[in-house]
Amino acid sequence: MTDRLKPRDARDVEEAVRWAVSDGKALDVVGQGSKRAIGRPSQTDLTLDVSGLTGVTLYEPEELVLSAKAGTPIAEIEALVDKHGQQLAFEPADYGPLFGQAAGQGTIGGVVAANLSGPRRIKAGAARDHVLGASAVTGRAETIKTGGRVVKNVTGYDLCKVLSGSWGTLAVMTDITIKVLPKPETEATVVVEGLSDAQACAAMTAATGSSADVSGAAHLPDHVASWFAGLKAEAATVLRLEGVAPSVKHREGQLAALMKTFGPVSILDAAASRAVWRDIRDVKAFAVASARHRPVWRISTAPAQAHRLVDLITPAAQMFYDWAGGLVWLGMPYEDEPDAGSVRMAVGELGGHATLIRAPAAVRAAVDVFQPEPPGLRALSHRVKESFDPKGVLNPGRMWAGI
């Protein structure tokens, strides 16, 4: 028996899961594997490789809807919609380079399973908010279909939301329908230079609360700023504006005037803006060779508390802020040492949740990778897992031990 099952279609997936249930086997569900090293180490008997389920099955640009098989590369989908002046507004990150892999390996199934959302989340919402429907095979070897091809199609439980961010522990998605949106005509980025973390959080709050309609707000401290395309080796607070050219130009002036109360201001044109936001989306600061072997945390918290949370964690850590401070990327200073105690303490004191995105398997086996759940929520997670996958066939223990 091979240690890898590679289904050709959704029916093969159902048969593979049925066999695993009957033989008491556990499956490690993967696509191209660009995010395989996120989560607790695999506790499975063999791999269910869905990378063969590829191809766009429906694309209606005028209806802003696209369906694709789960193994379809995100890069292929983005290239297709770009030809029609459209985009995936939730701006999915490419984590491959963060693990030393080539760029462009992520799949639509992996993006939805991980609920990956880039800098535009503050305006466009999370990945799960763009999923209209899905077909999937549960751990009972039952094929389910949820949602449809239009936004207002949900009755009863919105299973798309349940499957998004479940990391393949509930069902194997085989086909996914998402909404696409028009691509902005142009963009520009207002850069505020030299701010401290606390000043930057205040500036981002002011920017996102203004009428400038900011679609991205990040702060890159001086120890990481030069790793992002076109920026100097000093702290940079970057604020993105998107839309038609006259509107962007007007809002650029408006926002620059507001930001001058915080510090010196400069402007990145459309090409430079796209480059720097791509680097922020893909966490380039911690994908460079010199940082590639150090643990990386992804911490969500209240934007106003972000700089305080960082102050409570290892002082030598490197970090940058996205989502106007609501997302902190934290690179730890030493290999194999995630300092989980101080991270969990800080999150416990100020609120939020932290995920250990990158660390060696031995470290991920010894600490909580995902945010520990309080007893009531943990009991609910157990019931949901048992409902979808009572035999623990699909990615058992990937998120939390025993689930």
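**Cavities, pocket, strands and core**

Reply: The largest cavity is lined by 23 residues, and Val29, Val30, Gly31, Gly110 and Ala113 are the ones nearest its centre. On a 1 Å grid over the protein atoms alone, a cavity is a set of points where a 1.4 Å probe fits but cannot get out, and lining residues have an atom within 4 Å of a point. The model is predicted: local features need pLDDT of at least 70, side-chain atom pairs count only at pLDDT 80 or more, and totals for chains, interfaces and linings use all residues. Residues are numbered from 1 along each chain as its sequence is written, and side-chain values use heavy atoms, with hydrogens and water left out.

Me: What volume does the largest cavity have?
Reply: Its volume is about 310 Å³, a volume being the space filled by probe spheres set on grid points that are joined across faces, edges and corners. A search of the whole structure finds two cavities of 30 Å³ or more.

Me: Which element gives the largest share of that lining?
Reply: Helix 3 does, with four residues. At least two residues each come from strand 2, helix 3 (108–114) and strand 9 (171–179). Helices (H or I, at least four residues) and strands (E, at least two) are DSSP runs, numbered from the N terminus.

Me: Now the largest pocket. Which residues lie nearest its centre?
Reply: Arg128, Gly165, Trp167, Met399 and Trp400, out of 35 lining residues. The volume of this pocket is about 980 Å³. A pocket is an open set of points with protein on both sides within 12 Å along at least five of seven lines. Helix 12 gives the largest share of the lining, five residues.

Me: Where is Trp167 placed, and is it buried or exposed?
Reply: Trp167 is in the loop between helix 5 and strand 9. It counts as buried because its relative accessibility is 9%; buried means under 20% relative accessible area, exposed over 50%, partly exposed in between (1.4 Å probe, protein chains only). Trp167 also has a positive phi of about 55°, although it is not a glycine.

Me: And Asp336, what is its phi?
Reply: Asp336 has a positive phi of about 65° and is not a glycine either. Asp336 is partly exposed, with a relative accessible area of 46%, and lies in the loop between strand 17 (327–331) and helix 10 (340–350).

Me: Which residues touch the most other members of the largest nonpolar core?
Reply: Ile299 and Phe320, in a core of 100 residues. Such a core is a set of buried Ala, Val, Leu, Ile, Met, Phe, Trp, Tyr and Cys residues joined through side-chain atoms within 4.5 Å. Contacts of Phe320 (heavy atoms within 4.5 Å), not counting residues up to four places away in sequence, include Ile280 and Val283.

Me: Which residues of helix 8 are buried?
Reply: They are Ala270, Ser273, Ala275, Val276, Trp277, Asp279, Ile280 and Arg281. Among the elements covering them are helix 2 (74–82) and strand 16 (318–322). Just after helix 8, Val283 takes a positive phi of about 55°.
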